[in-house]
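Here are a few notes to read alongside the model. Take them one at a time, with the structure open next to you.

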Amino acid sequence: YETCPAAREISGFVDGLSNWYVRRSRARFWASGWSEDKADAYWTLYECLIKLARLAAPFTPFFAEVTWRNLAKPVPGAAESVHLATYPEADASAIDHGLLEQMELTREAVTLGLSARRVENIKVRQPLGLCELVVSNPEQRAALENHLDLIKEELNIKDVAFTDSPEEYVSYDVRPNFKVLGPRFGKDVQQVRKALANADGAALLAQLQDGGIKVEIDGKEETLCAEEVDVRLTPKDGFAAAQGKQMVVVIATEITDELRKEGLVREVIRALQDIRKEQGLAYDARINVTYATDDAALNEAIADFRDYIAQEVLASALESGDMDGDAKVVTIDGNELGLLVTTA
């Protein structure tokens with residue numbers, strides 16, 4: 001009967017299903033032909049949605065009913081209404097706790113990497129060269145190593161590595177949480193502030209991850225826990241960083257000419273996908289693309305990545321040529337690009 005926590009869990013599941021599973025599985029859904037992998041992707045989504053309808057029925061009765069009738073109709077013996085169906089029961093033996101923990105770490109790494117990008121105002125479509133992960137124990141590192149390719153793809157990073165020397169990329173400033181420490185130390189809280197200010201921030205963070213920060217107050221050793229201090233992270237020049245509960249993610253912000261070229265290509269792909277959507281084309285419809293621009297760098301980028309662009313937007317032809325009245329002009333990195341999209 002605790003409806004609020006239950007609703008939060010359902011909402012979190014929908015977010016993970018939509019923004020992680022479905023988005024990550026687009027290539028499987030869109031694959032040509034009918035393979036076992038494609039069937040698995042669809043059946044997994046189907047099972048999630050059909051059980052979600054039953055779970056959400058008490059919370060969103062009409063939406064759950066529409067979902068159920070659309071999906072359960074072909075199933076022999078299915079209840080006529082979701083509100084007449086049995087409530088689903090969990091199968092504990094089917095839960096892969098190890099995989100869930102690995103994916104939780106992976107999603108945290110991605111979230112922090114995206115946060116670091118936002119701080120520096122670098123779009124995800126702009127590739128970057130290096131991401132460094134700082135984790136506190138070997139188990140976390142082993143878990144993340146299973147999904148480095150996924151992290152690379154999500155963050156649009158060429159290389160992901162681990163470092164035991166975060167001080168090369170960031171500096172730490174550990175300050176007392178006066179609201180918590182005030183009642184504990186009274187006027188001596190200023191001694192805590194001074195002790196933290198005079199110590200090396202990275203060393204203090206290592207102590208904190210190892211059980212607590214040791215400080216000496218009036219000749220007596222005291223231990224400060226995570227709730228009693230405020231750790232502030234400052235990236236060094238050429239880097240951006242974000243800190244979470246289980247790790248620090250650092251990204252190199254230098255954009256080389258080659259990386260900039262790839263960034264232009266990503267923008268072109270986005271523009272073409274927007275045109276597909278505006279024209280109401282089916283997700284698997286093949287297209288022909290004609291483009292025109294006076295910018296040499298943009299022309300070079302499209303020519304160098306012609307096959308990749310064509311693959312991403314399902315283009316049978318991608319050629320430079322004259323535009324007509326149906327072409328759309330978009331702006332890529334301050335330069336105009338004319339795009340004419342027709343069905344193949």
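Which helix holds W30? W30 sits in α2, the helix that covers residues 26-30. Keep in mind throughout that this is a predicted model.

1. **A nonpolar patch.** Together with W34, Y42 and Y283, W30 makes a nonpolar patch of about 470 Å². W30 itself counts as partly exposed, because its relative accessibility is 42%.

2. **Cysteines.** Go looking for disulfides anywhere in the structure and you'll find zero. As for where some cysteines sit, C4 is partly exposed at 43% relative accessibility, and C225 is partly exposed too, with a relative accessible area of 32%.

3. **The two faces of α7.** Helix α7 runs over residues 148-155, and its buried residues are L148, L150, I151, E154 and L155. These lie on the same side of α7, because they cover an arc of only 160° around the axis.

4. **What α7 packs against.** The buried residues of α7 pack against several elements: α1 (3-24), α5 (97-119), α6 (138-145), and the strands β1 (128-135) and β2 (157-162). After α7 comes N156, which has a positive phi, near 55°.

5. What does its side chain meet? The side chains of E154 and R24 form a salt bridge, 3.0 Å from N to O. This pair links distant parts of the chain, with E154 in α7 and R24 in α1, 130 residues apart. R24 is partly exposed, at 25% relative accessible area.

6. **Salt bridges from α11.** The count of salt bridges is 20. One of them joins E267 and R125, whose closest N and O atoms are 3.3 Å apart. E267 is in helix α11 (residues 257-278) while R125 is in the loop between α5 and β1, 142 residues away in the chain. Another pairs E262 with K158, at 2.7 Å from N to O. E262 is in α11 and K158 in strand β2, so this pair ties together parts 104 residues apart in sequence. E262 is buried at 15% relative accessible area, whereas K158 is partly exposed at 43%.

7. **A network.** Finally, salt bridges with shared partners join K123, R125, E267, R270 and D274 into one network.

Methods:
Residues are numbered from 1 along each chain as its sequence is written. This is a predicted model: local features need pLDDT of at least 70, side-chain atom pairs count only at pLDDT 80 or more; totals for chains, interfaces and linings use all residues. Side-chain values use heavy atoms; hydrogens and water are left out. Patches are made of residues with over 30% relative accessible area and no salt bridge: like charges are joined within 9 Å, nonpolar side chains (Val, Leu, Ile, Met, Phe, Trp, Tyr) within 5 Å. Accessible areas come from the Shrake-Rupley method with a 1.4 Å probe; for residues, only the protein chains shown count as cover. A salt bridge is a side-chain nitrogen of Lys or Arg within 4 Å of a carboxyl oxygen of Asp or Glu. Helices (H or I, at least four residues) and strands (E, at least two) are DSSP runs, numbered from the N terminus. Buried means under 20% relative accessible area, exposed over 50%, partly exposed in between (1.4 Å probe, protein chains only). A disulfide is a pair of cysteine sulfur atoms within 2.5 Å. The arc is that of the directions from the helix axis to the C-beta atoms. Contact means heavy atoms within 4.5 Å.
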